Amino acid sequence: MTEIKAENWLLFFSAEQARRPAVIRQILTKRLSNSALFWGMRYQILDYINVYPQLDTQYYDYQIDFLCQQKKLKRNKDGLVSLTQLGIANKNKLKENRQLACPQLFSIYRVSDLVWMIRLLIQVASEASWENKRYYVAVDNFECQMVVKRWLKKYGMHALQDSLLHDLTEFLGNEDQLDAWIFCAQFIGHNTIPLTVQQISTLTGLTLTEIEVVSLDLTSRFALHIVESRSTLTSIIQHFRSQNSLYEKSNAALALVKQGNKIIDIAQQKRLKESTIREHILNAAIFNIDFPFFLFLNAEEENRLLQLLPDDIDKWQYKMVESEQEELSFFKYRLFAIKRSRETLEY
Amino acid sequence: MNIEEKMYDYLKKTFGFTDFKAGQKEVIQNLLIGHSTVAILPTGTGKSLCYQFYGKYTQQTVLIISPLLSLMQDQVEQLRLNGEKRVVAINSNLKFQEKKHVLQNLAHFSFIYLAPEMLRNEDVLRAISSIHIGLLVIDEAHCISAWGPDFRPDYLNLGQVRSQLNDPLTLAVTATATDRVLKDMLSSLNLSENTKVIRHSVDRPNIYLASQKTVDEKDKDNYLIDFAQRLPAPGLVYFSSKKQCDKVGELLQQKTGLRVASYHAGLSFSERYAVQQQFLNGQLDVICATSAFGMGINKQDIRYVIHYHMPQDLESYVQEIGRAGRDSKQSIAIVLFSESDQFLQRRLALRSLPSSDELEIYQRDPEILKNASQENESAELVIRYRQMGVAFAKMNQIFAQRRLEKLHAIQQMVDYVSFSECKRNFILKYFDEVNFVKHGKCCCQIGGQNIDIESLFKQIKALKPEQKQEMPASYQEILQKLFKVSW
C-alpha cells in the first residue's frame, strides 16, 4: 500500500480511551506480544492484525507526533494518546470514506500477494480468451506465476476462464458499481491497458488511499467468495493463507491444558520455558471466545481481584495486586483482565 | 547460403526483422567466430538482441549478469513475449524455496539472468558452474570500472567468476564508456587480446542539445510548463527525486491540460507496466520519470527529453536523452538547471558513500554497522565490501577515490550545461571520440542563446490539450472486453 496519510490514523484513536500508539502499530504490522494483543483487544482493533505489514515504524511515530502538533490528538503524561474535539470531527469525516469491510481477512491471507495473484489470473485468462499465447506478463511475482502454472496443469485453461468469469460476475454483482469499476480498471488483459491508482483517483475524485482500500478490500473479499463458493480456484487462494504460528501454538497449548496437562509438564514436553507456555495460554484466552477461565482462576481469586482493582480495566496495573503476588500471579491477573474485558466489551 | 545470409534469414524467422541495427551484425559475427566482444552501442540500438540471437542461433545457454533489477524482469518478460519460455531471473526477488527450485533445474533454462550480488552465494556459483555456459553477458559493463560513475562492487569479482566458469565466450555491453573505462573493463574481466571492441558514436545528430538556466524551482516549473506547451509531444521529463516527480507531474497536468503520468521505482511493476503501455499507445503526452524509466522502452517518436534536475554525470545524461528521436526526426534535449542543482547532486552522490568517520565507527562497532545497513545505502555498501573480504583501510581508499570521481562527474555536467561553445562536441570529446561535428543551427544552443523551438519544429506542431479524460467503460464492459464475451 502507498504511504498512509497521517490523518487516517485518527480512525484508530478514541476520545474516551487514551491509547498507546505503539500498540496500534504492533497490531497493524503483526508484531504480536501478549501485551500488544491484550491492549489490541481493549482498543477493539484485533480485526486489524496485519492490515499494514510494511508500515514504516519511524514514519508512523512521526505522523502521530504531527497529529498531536495539529491538535487532532493529545498525549497525556503517560504517553497515551486520545482524540481532541478537532480529532473527533476529522475522524467522523474520515468514517464517511471507504473502509475495509473485512479487515480480519488480512491476518488469514497474504492479501497483498493475492492482489497480484488475481491480476495475473485475469491476464492469463484474458489472453487465452483471445487465443493469444504470446504476451508480456505484467505481474513479476515468481510465486504467483508458479501457482498459476501448477493450477493450469491440473485444471486447464478453460476451467480458469470459466471459473474466473463466473466468480467475478457473481461477486461483483453484489458490490457498489463504482467500487467494482475501481477493482476492474486495474486489471491487465488482452489489449486492455490498466489505469494507475493516480489516474483512478483523478477520475473518481477519491483519495489515493481510498482507491487502495477499495482494491485491497475487494481482493480480500473476492478471495473469500472463491473459498466460500467452493470454486475450483479455491486451492489458489488457500496457497496464500498466512502461517499463523502464534495462533497455532496458543491453541496447541490450550488443547494440552484441556486434556489435563499442567503448565510445567507442557513446558517440559515442548522444551520451552513455563513463562512461554503461560504467554501462549494468555494468547489463547484472547483468541478463543469459549476459553475455559475456570481452569486457571477460581471464584475466590476473582473476588479478591475485583476488590483490589478499580472498575475501569484500562486503569488496572499489576502493582495494585502485587501485595498478594504469591496467590495472584501476573498470569492470573492478566487472565482475569481478559475475562472481564470479554464480559464488558461488545463483540 | 553463406553465414551472413543465414543470419538474415534467422533474424527474419525468429525476430521478425529484415535488417540489423547498427553494430548488431558485427557483434553477432564476432561472437559466432568465437571472439569475446565488448559492444559500446548507444541506447536503443538493441544490444539485447545480440545475445538473444546468439543463444537461439547456437542453441547454447546464455548467462546474463545484469545490475538493474527492474530491467532484468522486463527483459525476462520481453523474451517470454517473443516465445522464449526457458528464461529465468535469479535475484533478491526470489524467495528461498523458489531460488532452490530454479537452481535445481538450471540446466532447463536457455537464458539465465543473474543479479551480480547473487554471485556471492555459493549455491548459485556451484549451480552455474555445473552447466555449460555458451555465452556470458555482462550487461551495463561500465559498472565494472571504478573510473566509471556507476561502479558496482559486485562487479569486481566478475573476472574471477569468469575464470571459475572456464573463461566462456563473453559479451560485455554498455551504452557509453570512455577509453579509461574500456581499459578497465578489459582488464577486470581478464579478456584476451583477441577481444573485439565494437564501438559506435554516442552522437545523435537529430537531437538538438540545450540547457536553460533557472533561478529557483518556481522558475524551473514555469520553464517546464512553457516548454511542454510549445514542444510537440510525446515527451519525457527526468527528475532526481520521486517526490518531485509526482509533484511536478501533477502541476504540469493541471497547468497544461496534457495527459501526464509519473513513473518511478515507487510504483509497482504492474503500475509501471500500465504507464509504459499507455505511453506506447499514445494515451499519454508526457511522462515524468526518474532514471528507472526508459530501460527496455522502445518508443520511436519521443520528441523531447527535459531534465528537471541536472543529472549526476554525462554517461547517464547521454543514455537518457538517447530515448528521444529514435525515428530520426528532429528532437530536443534540454537540461533545466539552477545553481542549487549541483549541491543536490553532490549531496545525493556523497550520501551513497560512507565517510572516513563513519567507516571508523563501523569498524569499531559491527553492531552499529549492522543496524545502519537496514536503513542507509552507504552502510549497506560497507557490508557488501566486508562480505567480499575488503579491509576497512582499503575501503577508505576506494571510497575516497569514488567521491573524487563522482564530484568530477558532476563538475563535468556543470561544465556541459554552461559550456559556451558546441555542446555536441563537448560530449564527443568527453567520450574520447575522434570525429567532431561541424556546428549548425540544428546542432545545439551556444551559450545562453534562446532556444528557437518554433523553427526547430517547423514540420511538427505542438499538441492541443485533449479534452478532460472521461470515465471509461463500466466494470461489466471491462470484463466483457477482457474475456471476449457479451451479455
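Me: Which residues does Lys21(B) touch, not counting residues up to four places away in sequence?
Reply: Lys21(B) touches Gly44(B), Thr45(B) and Asn298(B). A contact means heavy atoms within 4.5 Å. This is a predicted model: local features need pLDDT of at least 70, side-chain atom pairs count only at pLDDT 80 or more, and totals for chains, interfaces and linings use all residues. Residues are numbered from 1 along each chain as its sequence is written, chains are lettered from A and ligands numbered from 1 in the order in which they are written, and side-chain values use heavy atoms, leaving out hydrogens and water.

Me: Why does Lys21(B) count as partly exposed?
Reply: Its relative accessibility is 36%. Buried means under 20% relative accessible area and exposed over 50%, with partly exposed in between (1.4 Å probe, protein chains only). Lys21(B) therefore counts as partly exposed. The residue is found in the loop between helix H1 (3-15) and helix H2 (24-32) of chain B. Helices (H or I, at least four residues) and strands (E, at least two) are DSSP runs, numbered from the N terminus.

Me: What makes Arg31(A) exposed?
Reply: Its relative accessible area is 54%, so Arg31(A) is exposed. Arg31(A) lies in the loop between helix H1 (21-29) and helix H2 (34-42) of chain A. Leaving aside neighbours within four places in sequence, Arg31(A) is in contact with Gln26(A) and Ala36(A).

Me: Why is H1(A) called roughly perpendicular to H2(A)?
Reply: The two axes come within 9 Å and cross at roughly 105°. Axes are lines fitted to C-alpha atoms, for helices over the stretch in contact, and angles run from 0 to 180 degrees between N-to-C directions. Under 35 degrees is roughly parallel, over 145 roughly antiparallel, 65 to 115 roughly perpendicular, and the rest oblique. H1(A) is therefore roughly perpendicular to H2(A). Val23(A), Gln26(A) and Ile27(A) in H1(A) meet Ala36(A), Leu37(A), Trp39(A) and Gly40(A) in H2(A). These residues divide into 5 nonpolar, 2 polar and no charged.

Me: Why is H10(A) roughly perpendicular to H11(A)?
Reply: The axes of helix H10 (residues 197-204) and helix H11 (residues 208-228) of chain A cross at roughly 110° and come within 9 Å. H10(A) is therefore roughly perpendicular to H11(A). The contact residues are 4 nonpolar, 3 polar and 1 charged.

Me: What makes strand S8 of chain B mostly covered?
Reply: In S8(B) (residues 207-213), 6 of the 7 residues are buried.

Me: How many bridges join S8(B) to strand S13 of chain B?
Reply: There are 7 bridges between S8(B) and S13(B) (residues 331-337), which run parallel. Two strands pair if DSSP finds at least two bridges between them, so S8(B) and S13(B) pair. Leu209(B) stands opposite Ala333(B) in S13(B). S12(B) and S13(B) pair in the parallel sense too, over 4 bridges.

Me: Why are S8 and strand S10 of chain B called edge strands?
Reply: The open sheet has 6 strands in the order S8-S13-S12-S9-S11-S10 (chain B), with parallel pairing. S8 and S10 (260-263) each pair on one side only. Neighbouring strands are turned by 15° against each other on average, direction ignored.

Me: Which elements of chain B have the lowest and the highest mean pLDDT?
Reply: Helix H4 (residues 69-81) has the lowest, 82, and strand S12 (residues 304-307) the highest, 97. pLDDT is the predictor's confidence in each residue, from 0 to 100. Chain B averages 89, with 96% of the residues scoring at least 70.

Technical notes. Ala, Val, Leu, Ile, Met, Phe, Trp, Tyr, Cys and Pro count as nonpolar, Asp, Glu, Lys and Arg as charged, and the others, Gly among them, as polar.
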